[in-house]
Amino acid sequence: MQKSRKLTALMICLFFVVALAGNFGAVAHAENKTKYDIGTDTTFAPFEFEDVDGKFVGIDMDLLAAIAKDQNFEYTIKPLGFNAAVQALETNQVDGVIAGMSITDERKQSFDFSEPYFDSGVVMAVRKDNDTIKRYEDLKGQRVAVKTGTEGYTFAESIKDKYGFTLVPFDDSSQMYDEVKTGNSVACFDDFPVLAYGVTQNNGLKLVTDKEKGGSYGFAVNKGNNRELLEKFNAGLVNLRNNGEYDKIMSKYLGESGKGVAPVERGRWELISASLPALIKGMGNTLLYTLVSLLIAFLLGLVFGFMKVSHNKALRGIATVFVDVFRGIPLIVLAFFIYFGIPQALDFKMPLFVAAVLTLSLNAGAYVTEIIRGGIQSIDPGQMEAARSLGLPYRTAMLKIILPQAVKVMIPSFINQLVITLKDTSILSVIGLVELTQSGKIIIARTFQSFDIWLVVAIMYLIVITVLTKISNRLEGRTRRG
């Protein structure tokens, strides 16, 4: 009982340390006002995407770099994906967003925008060998892919009832294009420069309609916040237009005919070898987050596992609530709540590493709690009674007699939880975690080679999980023999 209380107090202190660290980071950030965190998309070429060297490039990235140099401020890019970037801005996790973000009246309710830096428009594309869909009327009864939060989505939604088609939403442009290339949807809507650029990069589609009049892109900050950053962006944009740098950037990616960057032709093996460094780095992040999270989850499991088998009803109740809450909330919802919800409510910035580890640890900790409870309760209660009758204290009996036997029962479940947590890291790409799955998505956004990249990603997961399972099985065998 005394040990359980000490462990509980230790975990409470741990959470206070995390909260204080977040607040300290917020204070430090406030003191250094010339450096900003800027959120962006990861798969919106030619505005933002990752090149073969792992650098984020594109119209937005080059504009931001040139403006920062002109206005003498520093920044850190947070490649979150469009939806996550917008949520991060709403919750003050980033200071600004540049992600091909259309200026709309609805968004003006929540954000302050810079002067427009690009005038866009919406166009429809189909698979390059599709000769039956040529106009909106041909979409009747069909599925049409769109990217959430974009002008293309808004336009498609405005005409879907008139022309009788169904929308299929995606978070990434590359996924939307794959939907059309596989034939699951007959067409997609996206911003003209993005689709036109993709066609020149052999994305497997072709444009079939004229550009619809669209809105303008702007740099966004949270409403009423970071006015200085917004003013610097506007001033820098004016200077770039006047000195010709703006036109150079546009020409670099679009050119006079929209073909500013020639496609890089690569064979399958050349593509894979060029992509391996980024994928290996992503796998390294996956393993790091998995191991750190499981260590914390194991500590949580010990605390709440002992509480679950305690004779104290209050401790059992607390442990039951912990398990029910964090085992019952979907991991993606928990990630959003921790990374976006809590910082907004408490008004501080939470590092992505902390948010990811907390999410995985709390989720896995709930399952580890049940593993430990089940392992302890699987041991014949008579052994504890016999130990106590011989005068052994409860703590000693638990550590010396019950736990050694229970561990042997728990090992298979621990191995299974290791594999589950490793795979669960892929879900956290929704909050911008660049692990193996997200690394694959970023590469596909540049190369449009889904089959090859996803095959390599799947093989890497398979190899790592198989190796870890074999190691764990051997450890289990030794433990059982011991």
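Student: Is Met101 buried or exposed?

Tutor: Start with the cut-offs: buried means under 20% relative accessible area, exposed over 50%, and partly exposed in between, with a 1.4 Å probe and protein chains only. Met101 has a relative accessible area of 0%, so Met101 is buried. The model is predicted: local features need pLDDT of at least 70, side-chain atom pairs count only at pLDDT 80 or more, and totals for chains, interfaces and linings use all residues. Residues are numbered from 1 along each chain as its sequence is written, and side-chain values use heavy atoms, with hydrogens and water left out.

Student: Where does Met101 lie?

Tutor: Helices (H or I, at least four residues) and strands (E, at least two) are DSSP runs, numbered from the N terminus. On that scheme, Met101 lies in the loop between E5 and helix H4 (105-108).

Student: How far is Met101 from Ser216, in sequence and in space?

Tutor: Met101 and Ser216 are 115 residues apart in sequence, while their C-alpha atoms are 8.0 Å apart in space. The loop between H3 and E5 holds Asp95, which is buried at a relative accessible area of 5%. From Asp95 to Leu229 there are 134 residues in sequence and 8.3 Å in space, C-alpha to C-alpha.

Student: And how exposed is Val434, buried, partly exposed or exposed?

Tutor: Val434 is partly exposed, with a relative accessible area of 28%. Val434 sits in the loop between helix H15 (394-424) and helix H16 (436-447). The C-alpha atoms of Val434 and Ala278 are 10.0 Å apart, and the two residues are 156 apart in sequence.

Student: Which residues of H6 are buried?

Tutor: Helix H6 (residues 173-181) is mostly covered, with seven of its nine residues buried. The buried residues are Ser173, Ser174, Met176, Tyr177, Asp178, Glu179 and Val180. Just after H6 comes Gly183, whose phi is positive at about 85 degrees.

Student: What should I check in the backbone angles?

Tutor: Most residues other than glycine have a negative phi, and most peptide bonds are trans. Asn72 is not a glycine, yet its phi is positive, near 60 degrees. Asn72 is in the loop between H2 and E4 and counts as exposed at 66% relative accessibility. Asn92 also has a positive phi without being a glycine, of about 65 degrees. Asn92 belongs to the loop between helix H3 (82-90) and strand E5 (96-97), and is partly exposed with a relative accessible area of 28%.

Student: Which form does the peptide bond from Ala45 to Pro46 take, cis or trans?

Tutor: The bond from Ala45 to Pro46 is cis, with omega near 10 degrees. Pro46 is in the loop between E1 and strand E2 (49-50).

Student: How many aromatic pairs does the structure hold?

Tutor: Rings of Phe, Tyr and Trp (its six-membered ring) pair if their centres lie within 6.5 Å; planes under 30 degrees apart count as stacked, over 60 as edge-to-face and the rest as tilted. The structure holds 22 such pairs. One of them joins Tyr36 and Phe73 and is edge-to-face, at 5.6 Å centre to centre with 80 degrees between the planes. Tyr36 lies in strand E1 (residues 35-40) and Phe73 in the loop between helix H2 (59-71) and strand E4 (74-79), so the pair ties together parts that are 37 residues apart in sequence.

Student: Which residues form the aromatic cluster?

Tutor: Phe44, Phe47, Tyr117, Phe118, Tyr217, Phe219 and Phe233 form one aromatic cluster.

Student: At what angle do H10 and H13 cross?

Tutor: Axes are lines fitted to C-alpha atoms, for helices over the stretch in contact, and angles run from 0 to 180 degrees between N-to-C directions. The axes of helix H10 (residues 268-308) and helix H13 (residues 352-377) cross at roughly 45 degrees and come within 6 Å. Angles under 35 degrees count as roughly parallel, over 145 as roughly antiparallel, 65 to 115 as roughly perpendicular and the rest as oblique. H10 and H13 are therefore oblique to each other.

Student: How close do the axes of H11 and H13 come?

Tutor: The axis of helix H11 (residues 313-328) comes within 8 Å of that of H13, with a crossing angle of roughly 130 degrees. That makes H11 oblique to H13.
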